[in-house]
Amino acid sequence: MYHDVIQAEDPSRSSDGPGSSRDSEPETSEEEVRDGKKERVLHTRVPAVLERELKRFADNLRVPVSNLVRTILEDALSVADAATENVEERLKKAAHQLGKERERIKKRMEHDPLEGIVAFQQVTLAVPTVCAKCEKELARGSRANLGISEVPGGPRRFVCAECLPEA
Ligand SMILES: [Zn+2]
C-alpha cells in the first residue's frame, strides 16, 4: 500500500505513461549495401512543412525525394562537421537555405538536358514547343534552335536564344 503511494507521487514515474518521451525518440538506422558500399538508411521525423517543401523541390527537379535529401546531406557534410547535428537539424537548415541554394542544388542534381547534342541549327518553329533548358514556351512561328544529336534518331530538343551555349 505504502509503496503504491510513493510510486504515484514520484514524478519520474509519470514519464513512463503514454505519449511521453516516445515522441522525441532519435532516428533509427539500419544498414544497406548499395553499389558495394555499406550505407546507412536513416529514418527520421521530418516536420510536415519541411516534408512538403522537400517534396515540392524534388518534384520540381523531377528526382526522387530520397535523392534530393542525399544530395543536401552530402552538400552539408562538405561544409560542416557531421557529428555536431542530427539529420533533422541538418535538413531543417538546408530547407531554410533552399531559396538561395536552389539553383546550386538543382545544378548538382540534374543531368544536362542537352546531353548528346553536338550542334544547333536555327529554325522557325512550325509547332509550339518549350526550351529544353529553361522550359520557356516557344511559340509557333518563332525562332528556336534545334539540337542536332550525335545519334541519328535521338530525341528532338529545341532551345531558346538565351540558352544557346556561348563561346
Ligand atoms: Zn531557354
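## How confident is the model?

This is a predicted model, and its chain averages a pLDDT of 71, with 55% of the residues scoring at least 70. From residue 1 to residue 28 the pLDDT stays below 50, and this stretch has 13 contacts in the model beyond near neighbours in sequence.

Helix 1 (residues 2–9) has the lowest mean pLDDT of the chain's elements, at 41, while strand 5 (residues 137–138) has the highest, at 96.

## Helix 3 and its two sides

Let's turn to helix 3. Its 14 residues (48–61) should span 20 Å at 1.5 Å a residue, and that agrees with the model, because the end C-alpha atoms sit 20 Å apart.

Which residues of helix 3 are buried? They are Leu50, Leu54, Phe57, Ala58 and Leu61. Look down the helix axis and these buried residues fall within an arc of 100 degrees, so they line one face of helix 3. On the face turned away from that buried side you'll find the exposed residues Val49, Arg52, Arg56 and Asp59. Just after helix 3 comes arginine 62, with a positive phi of about 55 degrees.

Methods. Residues are numbered from 1 along each chain as its sequence is written. This is a predicted model: local features need pLDDT of at least 70, side-chain atom pairs count only at pLDDT 80 or more; totals for chains, interfaces and linings use all residues. Side-chain values use heavy atoms; hydrogens and water are left out. pLDDT is the predictor's confidence in each residue, from 0 to 100. Helices (H or I, at least four residues) and strands (E, at least two) are DSSP runs, numbered from the N terminus. Contact means heavy atoms within 4.5 Å. The expected span of a helix is 1.5 Å times one less than its number of residues. Buried means under 20% relative accessible area, exposed over 50%, partly exposed in between (1.4 Å probe, protein chains only). The arc is that of the directions from the helix axis to the C-beta atoms.
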